[in-house]
Amino acid sequence: LMVSLVWLIVTSIGVTVIVISLPHHVDDKMSYDEIRYLAGAESLRETGHYRSPSGSTSLHWPPGTSLIYATAARMAGSSPASVEWTVNLVSYLALACSVLGLLRGVSVHPLVMVTVFPCVLLNGFIVSIYNKIWSEPPFLAVYCLLLITTLAALRASGIRLAALLIASAFLLSASVSIRYVALSEGLVLAAMAACLRRRMWNDPTTIGLMCTAAVVPLIAVWRWAGIEDVESAPRTFAIYTHPFVVLDNMRAGCLQLIEQMLPGRILGRRIVAAAGSLLLAAPAVVTLSLERDLRSECGSTTETGQTQTTSSHLVRANMVLVTSCVVYLVSVAGVQLFLDPTTPFDLRILSPFYIMWVMALAVTATLLSSAEQSLRGRNAGAARACAGVLVLVLAVTAFRATRFALSRLRSPAVHEVSMHEDQLTGEIRIVVERYGDGRRL
């Protein structure tokens, strides 16, 4: 099984490297985000200051992505646009190592690991972002590293726990430098630090070092990007979008995620929506119910006690993943509701949620299979059935992702004959940024 896993990992990386090497931008048009990142990188490379396409300094977008491209271009001695493939390749390899580290860190069953790996690395949307100049490739790699250190802290104590929490705070600041939405994980990390204070080494010092590791890198990045005086209008805190509109946008975004796993054309959108709702709730419901059953039925013998220890770690890891998913969704909804109505619930903004959700399903399947040995009667049968269903869903997702990646290898690039919606919106935003306030667009 381990040989098959190694073969699958190598094949997945090889296929995706070929896919991201395919030609793109056939019509030499780029989306607004790509124009913005390249403009920021060119400005950093030439003047040492982070500027938007309109030439103004703004903190509406963090400078991390442009800073990465500017640094890579300076090291390569070329333009930021020419290092796109290198940055995306390094980001993808870092994501692959991070996903493998996540699966190994939470002790996912090898059979589940075989299905999860292509679910993430060969997913159609995740593969497609690695031939664009977007913030998602470096962000997903750093965000998954943050999840690794956060979950590893659950099993640590003393100095090792303090080191992992400080490393998590540093990776959190690196993530926020690329995408502001990573601030949601800061709430989870703070809650974890509060719960694990008794196991820390010198907890006041550790918490102080965590705050330093979270703040100092952000200040360093902003100073390195030359951002000192920000010429932007003060942001008002108000309700920009109706709450029911935000809920409908969230529902549509989650439906897109579910259709990454279940075939909507075959099953129908209603069945997919109903099954997806169960899958979204499965990690939290199963984890809470199994924790109660394990506490009531386990712990009497050494063998059961050992099983309970393994299950207890899986329960804690799954609760962190579930909490991160919930806080992430609520944060995106809050930004759309109160700060920026243009923030979408699309696959781009939900890509970290998709990875955490797949990981939570994998941990849930492993938890059910390990708890089956401790439970009796109908509970054991139900655990076995639920584990089988989750593994089947992950296997279907892996098959669909692999088929998509292979189809990308066979299909040639399609020439564009008209301007995409995001390209048109990007050009309009550039004009509005130059002659007016573009945040309400």
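User: Are arginine 348 and aspartate 33 buried or exposed?

Analyst: This is a predicted model in which local features need pLDDT of at least 70 and side-chain atom pairs count only at pLDDT 80 or more, while totals for chains, interfaces and linings use all residues. Residues are numbered from 1 along each chain as its sequence is written, and side-chain values use heavy atoms, with hydrogens and water left out. Buried means under 20% relative accessible area, exposed over 50%, and partly exposed in between, with a 1.4 Å probe and protein chains only. By that scale, arginine 348 and aspartate 33 are both buried.

User: What is the N to O distance in the salt bridge of arginine 348 and aspartate 33?

Analyst: A salt bridge is a side-chain nitrogen of Lys or Arg within 4 Å of a carboxyl oxygen of Asp or Glu. The side chains of arginine 348 and aspartate 33 meet in such a contact, with an N to O distance of 2.6 Å. This pair links distant parts of the chain, arginine 348 lying in the loop between helix 14 and helix 15 (351-371) and aspartate 33 in helix 2, and the two are apart by 315 residues.

User: How far apart are the closest N and O atoms of arginine 36 and aspartate 33?

Analyst: Helices are DSSP runs (H or I, at least four residues), numbered from the N terminus. Arginine 36 and aspartate 33 both belong to helix 2 (residues 32-47), three residues apart, or about one turn of the helix, and both are buried. They form a salt bridge in which the closest N and O atoms are separated by 2.9 Å.

User: Which residue forms a salt bridge with glutamate 136?

Analyst: Glutamate 136 lies in helix 7 (residues 136-152), and its partner, 43 residues apart, sits in the loop between helix 8 (158-178) and helix 9 (183-195). Both residues of the pair are buried. The side chains meet at 2.5 Å, N to O, and the partner is arginine 179.

User: How many disulfides does the structure hold?

Analyst: A disulfide is a pair of cysteine sulfur atoms within 2.5 Å. Cysteine 144 is buried, with a relative accessible area of 2%, whereas cysteine 386 is partly exposed at 37%. The number of disulfides in the structure is zero.

User: How far apart are the C-alpha atoms of alanine 73 and glutamate 84?

Analyst: Alanine 73 is part of helix 3 (residues 64-76) and counts as buried, because its relative accessibility is 0%. Alanine 73 and glutamate 84 are eleven residues apart along the chain, and their C-alpha atoms are separated by 9.2 Å.
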